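Student: I would like to learn how to read disulfides and cavities in a model. Where do we begin?

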Amino acid sequence: MARPDHSLIPRSAALLPATCILLLLLLLHPSEAQPSPGYYPSKTFRSLAFSEGYSTLWGQQHQTLSQDQKSLTLWMDSSSGSGFKSTRSYRNGYFGASIRVQPGYTAGVNTAFYLSNTEQYPGQHDEIDMELLGTVPGEAYTLQTNVYVHGSGDGNIVGREMRFHLWFDPTADFHHYAIIWNPDQILFLVDDVPIRRYERKVEGTFPEREMWAYASIWDASDWATDGGRYRADYRYQPFVSRFSDLKIGGCATAAPPGCRPVPAAPSGSAAALSPQQEAAMRWAQRNSMVYYYCQDYSRDHTFYPEC
């Protein structure tokens, strides 16, 4: 697919907000617009009131809940961030949240939606991450996806990162970020577009133990923005992230053995994606992926047999 010819964009576009430039690019090159994945798992689950599925974990003084309990605002300042956690653990499922992050100087700020069992297995935990990493004005937010298995995030870090500069401005509106985790694969989705699939390939490289869903905003200055080059600057506090449309579906840990995992595709398959989903994922990775750990040969690949 041909890349956009930026010479077609008027010089005055340099003065436009990033959202306007993105819209102009899509008008000039409609083939670059977000494709339909043909399957919308987010539509199969209802939005939860916060108290139906979650409770505050930390930083309660840095949270506000809407009157209908369907939207939650978290903020971080020099005193604290904030986070919440699902009230139940799960052995597989669909986990989603619509998120809008703050524009401007947000370097070092990490807005995370993830699965983990770190409190149950300290030093040996599993984790599946979607993290919006703050930035400096003029640079894009980074969406980092990651998988840790059996303590690989504790001390001897064996992260499995794939990073994206999204095809939209995540500060301009809410977008839905979701994880489908089942016995065959982990699927990361943005507005139902699959952006990454992490498959079960090699023993010991796939999370199998029960996990809880979490969300948080916290100071990750040591690494989040350009490897720690830019840090949180509390002259710009508070840093605000908004969550809505919270969704959970799947098999809680206490569910009967016959509970079926959430399908990854319209066929009902837990593993295979449809051709339309595969095409949408290729589009997302071709146009938006900026880092993939399997292609980073500065890392010791003996830790990554799945590559």
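Student: How many disulfides does the count come to?

Tutor: Keep in mind that this is a predicted model. A pair of cysteine sulfur atoms counts as a disulfide when they lie within 2.5 Å. By this rule there are two disulfides.

Student: Which cysteines are joined, C251 being one of them?

Tutor: C251 is joined to C259, with an S to S distance of 2.1 Å. The angle about the S-S bond is -95°, a left-handed link. In the other disulfide, C294 pairs with C307, and the sulfur atoms are 1.8 Å apart. That link is also left-handed, with -80° about the S-S bond. C294 and C307 both lie in the segment after β15 (289–292), 13 residues apart.

Student: Is C251 buried or exposed?

Tutor: Under 20% relative accessible area means buried. C251 has 0%, so it is buried, whereas C259 is partly exposed at 26%. C294 is buried at 9%, and C307 is partly exposed at 44%.

Student: What does rolling a probe over the atoms show?

Tutor: A probe the size of a water molecule shows where empty space is left. Here there is one cavity of 30 Å³ or more. The largest cavity holds about 50 Å³ of space.

Student: Which strand gives the most to the lining of the largest cavity?

Tutor: β14 does, with three residues. β6 (109–116) and β14 (239–252) each supply at least two. Among the lining residues are V109, T111, F239, V240 and S241.

Student: What is the lining like by class?

Tutor: Seven residues are nonpolar, five are polar and none is charged.

Key: Residues numbered from 1 in each chain as written. Predicted model: local features only at pLDDT ≥ 70, side-chain atom pairs only at ≥ 80, totals over all residues. Heavy atoms only, no water. 1 Å grid on protein atoms, 1.4 Å probe; cavity = no way out; pocket = protein on both sides within 12 Å on 5 of 7 lines; lining within 4 Å. Points joined across faces, edges and corners; volume = space filled by probe spheres on them. Helix = DSSP H or I, 4+ residues; strand = E, 2+ residues; numbered from the N terminus. Nonpolar A, V, L, I, M, F, W, Y, C, P; charged D, E, K, R; others polar. Buried < 20%, exposed > 50% of the residue type's maximum accessible area, 1.4 Å probe, protein only.
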